[in-house]
Amino acid sequence: MAADSPLPPELERTTELDDAWRVANHGDRLAAVRRAARRLKDRIVASGRAVSVSTYAISSLPYPARFGLSGADRGLTPHVIMKNRMQLVQVDAGGRIVNILVNPTDPHRAQAAPFIRKQLDRYPRLVADWLRARLVHSDVATALRSAGVAPEDIDYITFDHLHVQDVRGLLGTVEPEPGRDAPTPALLPNAKLLVQRPEVDLFRNLHPMQRYWYVENCLAGVSPDKIVVLDGDYLLGAGFAIVRTPGHTDGNHSLVVHTDTGVWTISENGIAVECYAPEHSDNPRLRAYARHYDVEVILNGNTRERSNDQYTSMILEKTLADPSVARPEFPQTFPSSELQASPLAPGIRPTFEHGEIRHGVIQPKVPAAAGDRAASM
């Protein structure tokens, strides 16, 4: 990649967790991260609240049950069904509305990831085609139309990690993709990707244990000035933060948003809310697993790059999050791909689903030039 683009001025580096992540011993690191998380939460809350947050279902996907709940329960079929949802987050950054799309998966391009392709290849073609049609609920363009937000008004996109993601259709390319005659136009012409450096670096040479989960050309041909490479944790405007949560992938980060119900965290470290509080699960096998292994959380265990750190990251997320208003025994940890009850996967159902985050009212974005003219009058 070319040299890093300058960091946008609305990004403010936070350092509360830096020393904690440097602690060598895993047990000591967990304790240090837990303590530091409380200080970071105070800073996020003090920054203010987001202007608005709204949630849009994008797609569902079959997912190996042995991964989703770390083998604690496999149900009656070899897979569970998870629903992927996107958030549109609006924040105030110095008097300017900034629009951020959190986990804006392109459900059609995601099917190029070996994981999804091979999941569907297990079925006869007619069944696979039926599943593709049934499991795609919407797309980014449709969601934005329903929100009344123009694609050119999106400032940033970010994902908790880049498993199965392909951003070329969102950000466009400067050269033709393989098999095409012209560069790909951007759905979001003014958006930039916010991504941690380790997540970008892995595309130089994917390890065989990583290749199954990624669209290898996810970033190929995207202009470097559309990729903002992050080294750490950041506040972005009032009430929104990007916080490193390594383990599921080296470059995993969680999105944190402060709303009128308190602080939420968004990631795929756990696939159900009860994974962060298994002692309150209606599923006796989850409760028994947590008691047997004496653990506080149940990992989404499809990758084993840094499992100890993934556990610590989930503790970080539940420490940052406030209790759910509807079910205070569960934290406001929002799985970006959340376990669903489905006739396609009988035998496992979530105890409780957040389903969505709703906060505030979506505001129109005033063009910078118009804002400047108004300010000068």
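This is a predicted model: local features need pLDDT of at least 70, side-chain atom pairs count only at pLDDT 80 or more; totals for chains, interfaces and linings use all residues.
**The largest cavity**
- Of the 30 residues lining the largest cavity, those closest to its centre are Ser-59, Leu-61, Ala-110, Ile-116 and Val-164.
- The elements that give two or more residues to this lining are strand S2, strand S3 (79–93), helix H4 and helix H5, and the largest share, 5 residues, comes from S2.
- By residue class, the lining of the largest cavity divides into 14 nonpolar, 13 polar and 3 charged residues.

**Helix H5**
- The buried residues of H5 (residues 125–135) are Ala-128, Leu-131 and Leu-135, and because they fall within an arc of 60° when seen down the helix axis, they line one face of H5.
- The face of H5 turned away from that buried side carries the exposed residues Arg-125, Leu-126 and Ala-133.
- The cover over the buried residues of H5 includes strand S2 (52–64) and helix H4 (114–121).

- Strand S6 (residues 192–196) is mostly covered, with 4 of its 5 residues buried.
- S6 pairs in the parallel sense with strand S5 (residues 156–158) over 3 bridges, where Thr-158 stands opposite Leu-194, and in the parallel sense with strand S7 (residues 227–230) over 4 bridges, where Gln-196 stands opposite Leu-230.
- Thr-158, Leu-194 and Gln-196 are among the residues that line the second largest cavity, to whose lining S6 gives the largest share, 4 residues.
- The lining of the second largest cavity divides into 5 nonpolar, 5 polar and 2 charged residues.

Notes:
Residues are numbered from 1 along each chain as its sequence is written. Side-chain values use heavy atoms; hydrogens and water are left out. Buried means under 20% relative accessible area, exposed over 50%, partly exposed in between (1.4 Å probe, protein chains only). The arc is that of the directions from the helix axis to the C-beta atoms. Contact means heavy atoms within 4.5 Å. Two strands pair if DSSP finds at least two bridges between them. On a 1 Å grid over the protein atoms alone, a cavity is a set of points where a 1.4 Å probe fits but cannot get out, and a pocket is an open set with protein on both sides within 12 Å along at least five of seven lines; lining residues have an atom within 4 Å of a point. Ala, Val, Leu, Ile, Met, Phe, Trp, Tyr, Cys and Pro count as nonpolar, Asp, Glu, Lys and Arg as charged, and the others, Gly among them, as polar.
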